[in-house]
Amino acid sequence: MKKIATYNEHYTDVQNFYHQGKYDELVHNYRQPNDINKFFKQNGRCRFCNSELKKVFEGYLEVPDDRDSYLLGDIFECPQCGWWEGISKYTDMPDNPFENIQSYHENKYYYGIVNFFDLSSKELPLEVLYNELNKNKQILYDINPYKLEELVQSVLSDFFDCEVKHVGQTGDGGKDLIVVQSEHPILVQVKRRENPNHVELIKGIREFVGTLFIEGSKKGIYVSTAKKFSKGSIEVANELVNNRKLEYFNLIDYDKLVSMLNIEKNIKKPWEEFAKQFEFDTTKWFGAIAFSKRY
C-alpha cells in the first residue's frame with residue numbers, strides 16, 4: 001500500500017531577548033529556544049533525504065510608528081521530498097537607539113513535521129492529494145473511489161464556478177454529485193477504473209441515463225478514469241442530446257479529467273501560513289513597507 005509523506009504540519013521554536021539601558025550599560029534578558037541544537041544548527045540540508053535546501057520564499061515587513069519595527073523571513077524547501085524550514089526575525093527598537101536602548105528581538109524557527117497517509121485512504125486530505133497529483137497524475141487509478149468523487153467535486157466546482165454537492169453513498173443509484181448550476185442541476189456519476197487501458201462500455205452509460213430519467217433530470221456528466229469511452233457510448237451520448245431527450249450530457253475520460261485539474265489554484269504549500277505574515281495592505285498604513293518574493 002503506497003504511502004504519501006507530507007509536511008503540512010510544523011513545529012515552531014522561539015528565542016527572544018531584550019536590550020535595556022544606556023549603550024555602555026546594557027542589560028540583556030534572554031529566553032532560549034526549547035531545542036538549542038536544532039535552532040542554531042541549520043545546515044542547509046534536508047533532515048530526511050539530505051538534499052540541499054532551496055530558498056523558495058523571502059519577505060520583509062516594516063510598519064512605522066514612534067519606533068523602528070520590522071520583520072524578516074525566509075523559507076527553504078527540499079526539492080526532492082518537500083520538507084521545509086523557515087526563519088523569521090522581528091526587531092522593535094527606538095528611532096534613536098544611542099542614548100537609551102529599549103529594544104526587543106524575537107527569532108523564530110519553523111520546520112515541517114512529517115505525516116504519512118495511505119494513498120487509498122478516504123481520510124487523505126484533498127490538499128495533500130493535489131500536491132501529489134502535481135508530481136504524478138497516474139495516482140488517479142489508485143486513490144479511494146470516494147476520494148475520487150471528492151476530487152471531481154472540486155474540479156467541477158472550479159470548472160462551472162458554482163456549488164457542487166457530494167451525495168454519493170451506498171444505494172445512491174449512480175448519482176454521486178450534483179452540480180447546482182441553475183434551476184436544472186447536473187447529475188454526475190464518477191467511476192474509478194484501476195486499469196489504465198479500460199474502455200468505458202455502453203452498458204454503464206445506459207444505466208446512468210436511466211438514473212437521469214428516474215430523477216427527472218435533463219443534464220448529466222459521466223466521469224471515468226478509463227482510457228476512453230467506446231464508440232457505442234459516444235454515439236448514445238450524442239443521440240440523446242441531438243434528439244433532445246437530454247439538454248446536456250458530457251463524457252469525461254482520464255485525459256480530459258487530467259486536463260481539467262486546476263492544480264496551480266488548488267495546490268497549497270505547507271508553509272503558506274508563514275508567508276501570510278508578509279501580506280500587508282500598505283495603503284492602509286502610511287509609510288508601511290511590505291515585500292515578498294517566491295522562487
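Visitor: Is glutamate 150 buried, partly exposed or exposed?

Guide: Quick note before that: this is a predicted model, where local features need pLDDT of at least 70, side-chain atom pairs count only at pLDDT 80 or more, and totals for chains, interfaces and linings use all residues. Residues are numbered from 1 along each chain as its sequence is written, and side-chain values use heavy atoms, with hydrogens and water left out. Buried means under 20% relative accessible area, exposed means over 50%, and partly exposed is in between (1.4 Å probe, protein chains only). Glutamate 150 has 21% relative accessibility, so the label is partly exposed.

Visitor: Which residue forms a salt bridge with glutamate 150?

Guide: A salt bridge here is a side-chain nitrogen of Lys or Arg within 4 Å of a carboxyl oxygen of Asp or Glu. The closest N and O atoms of this pair are 2.9 Å apart. The partner is buried at 3% relative accessibility, and the name is lysine 147.

Visitor: How many residues apart are glutamate 272 and arginine 294?

Guide: Their side chains meet in a salt bridge, 3.0 Å from N to O. Glutamate 272 belongs to helix α8 (residues 272–275) and arginine 294 to strand β14 (residues 289–294), so the pair links distant parts of the chain, and the separation is 22 residues.

Visitor: What is the relative accessibility of lysine 135?

Guide: Lysine 135 forms a salt bridge with glutamate 132, with the closest N and O atoms 3.7 Å apart. Glutamate 132 is buried, at 11% relative accessible area. Lysine 135, though, counts as exposed, and its value is 58%.

Visitor: Which strands stand at the edges of the five-stranded sheet?

Guide: The sheet is open and mixed, in the order β7-β8-β9-β11-β13, where two strands pair if DSSP finds at least two bridges between them. Each edge strand has a single partner, so one side of each is left without a neighbour in the sheet: these are β7 (163–166) and β13 (248–252).

Visitor: Which residue in β11 is the bridge partner of glutamine 189?

Guide: Strand β9 (residues 186–191) and strand β11 (residues 219–224) run parallel, joined by five bridges. For glutamine 189, the bridge partner in β11 is tyrosine 222.

Definitions and conventions. Helix = DSSP H or I, 4+ residues; strand = E, 2+ residues; numbered from the N terminus.
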